[in-house]
Amino acid sequence: MYVNRQVGDIRVVDIALLRDYRRLGVGGGLLQRLIDEAERGIYLFMIRPPMAMAAGQP
């Protein structure tokens, strides 16, 4: 995962997982940690949603 951090701003530049680690909650866990951090007063910006979200999957 590539994250661009600036004062008051977190940007997820790219996130990718090896096939064996997909659909195990690894990516969601990483994003949740950033979201938790953002809830403490930092803005989280994602240009496009994760593939599962874009496909309408939980």
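**A charged pair and the loop**

Modeller: Glu-37 is buried, with a relative accessible area of 18%, where buried means under 20% relative accessible area, exposed means over 50%, and partly exposed lies in between, using a 1.4 Å probe and protein chains only. The model is predicted, so local features need pLDDT of at least 70 and side-chain atom pairs count only at pLDDT 80 or more, whereas totals for chains, interfaces and linings use all residues. Residues are numbered from 1 along each chain as its sequence is written, and side-chain values use heavy atoms, with hydrogens and water left out.

The partner of Glu-37 is Arg-5, and the closest N and O atoms of this salt bridge are 2.6 Å apart, the term meaning a side-chain nitrogen of Lys or Arg within 4 Å of a carboxyl oxygen of Asp or Glu. The pair joins distant parts of the chain, 32 residues apart, with Arg-5 in strand S1 (residues 2-6) and Glu-37 in helix H1 (residues 26-39); helices (H or I, at least four residues) and strands (E, at least two) are DSSP runs numbered from the N terminus.

Turning to the loop between strand S2 (9-14) and H1, that is where Arg-23 is placed; Arg-23 is exposed at 72% relative accessibility and has a positive phi of about 65° although it is not a glycine. Tyr-21 lies in the loop between S2 and H1 too, and at 46% relative accessibility Tyr-21 counts as partly exposed.
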